[in-house]
Amino acid sequence: MRITLTSVLVDDQEKALRFYTEVLGFVKKTEVPLGEHRWLTVVSPDAPDGVELVLEPGAHPAVPPFKEALVADGIPFTSFTVDDVHAEAERLRALGVRFTQEPLAMGPVTTAVFDDTCGNLIQIASVPAA
Amino acid sequence: MGDVFKALADPTRRALLDELQDRDGQTLFELCTRLLHRGVSSSRQAVSQHLDVLEQAGLVRRRREGRYTFHSLDTSPLRAITERWRIDPEEGPCGSP
């Protein structure tokens with residue numbers, strides 16, 4: 001058994017694809033039309049054969065209240081790894097990304113939290129190589 | 001207005017005020033992360049309840065901004081303490097006020 005996919009629930013797949021590729025810098029891997037929605041995944045350009053992120057439509061009625069409650073408390077449900085949180089936060093802020101938590105160093109780990117404009121808060125984290 | 005003395009009597013609540021003094025305008029998530037780093041392992045629910053007590057005492061303000069809620073420190077209720085028991089400026093360190 002292997003983990004090859006992980007998902008974020010997005011309000012709007014087209015908007016999400018733009019944000020996750022044009023702003024975050026991921027690249028589209030698969031796109032399969034499935035009726036009203038699409039099977040839509042992106043990957044990191046640094047690991048094109050690595051874990052795929054599914055931009056999953058959040059159409060189920062339980063999804064909006066779930067996401068709203070997490071966002072109200074500032075909780076990121078998804079976390080990505082970056083080399084330098086400060087540099088990445090600066091780059092994203094210049095592109096108009098809204099941070100709910102500025103870079104925070106806790107021992108060797110630095111994290112920051114931003115809004116993906118699709119109803120989620122996302123954490124970026126850097127852990128120095130041991 | 002809740003009791004400022006009762007609000008200050010708990011070490012977790014004092015730690016929350018320290019963290020807000022360090023950085024104002026934090027989400028519940030960030031405050032919980034910071035407490036964990038301090039070695040205070042309270043549940044998110046417990047931290048939220050501590051923030052309720054601090055808010056009732058006027059020491060913490062919650063600000064709803066769009067879909068997010070941020071917490072801020074308000075030290076103005078502490079003024080009542082020094083007004084009630086005045087601090088003699090002559091007794092300050094090095095004789096300075």
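Which side chains meet in a salt bridge at 2.8 Å, N to O? They are those of Glu14(A) and Arg38(A). A salt bridge here is a side-chain nitrogen of Lys or Arg within 4 Å of a carboxyl oxygen of Asp or Glu.

Some ground rules. This is a predicted model, where local features need pLDDT of at least 70, side-chain atom pairs count only at pLDDT 80 or more, and totals for chains, interfaces and linings use all residues. Residues are numbered from 1 along each chain as its sequence is written, chains are lettered from A and ligands numbered from 1 in the order in which they are written, and side-chain values use heavy atoms, with hydrogens and water left out.

Back to the first pair. Glu14(A) sits in helix H1 and Arg38(A) in strand S3 of chain A, 24 residues apart; helices (H or I, at least four residues) and strands (E, at least two) are DSSP runs, numbered from the N terminus. Glu14(A) is partly exposed, at 36% relative accessibility. For these classes, buried means under 20% relative accessible area, exposed over 50%, and partly exposed in between, with a 1.4 Å probe and protein chains only.

Next, Asp49(A) and Lys29(A) form a salt bridge, with their closest N and O atoms 3.5 Å apart. Asp49(A) is in the loop between S3 and S4 of chain A, and Lys29(A) is in strand S2 (residues 27-34), 20 residues away. Asp49(A) counts as exposed at 73%, while Lys29(A) is partly exposed at 35%.

Over all chains the count is 19 salt bridges.

Now the interior. A nonpolar core is a set of buried Ala, Val, Leu, Ile, Met, Phe, Trp, Tyr and Cys residues joined through side-chain atoms within 4.5 Å. The largest has 25 residues, and among those touching the most other members are Tyr20(A), Phe80(A) and Phe99(A). H1(A) gives the largest share of this core, five residues.

Arg93(A) comes up again here: Phe99(A) touches it (contact means heavy atoms within 4.5 Å). Other contacts of Phe99(A) include Ala89(A), Phe114(A) and Ile124(A), leaving out residues up to four places away in sequence.
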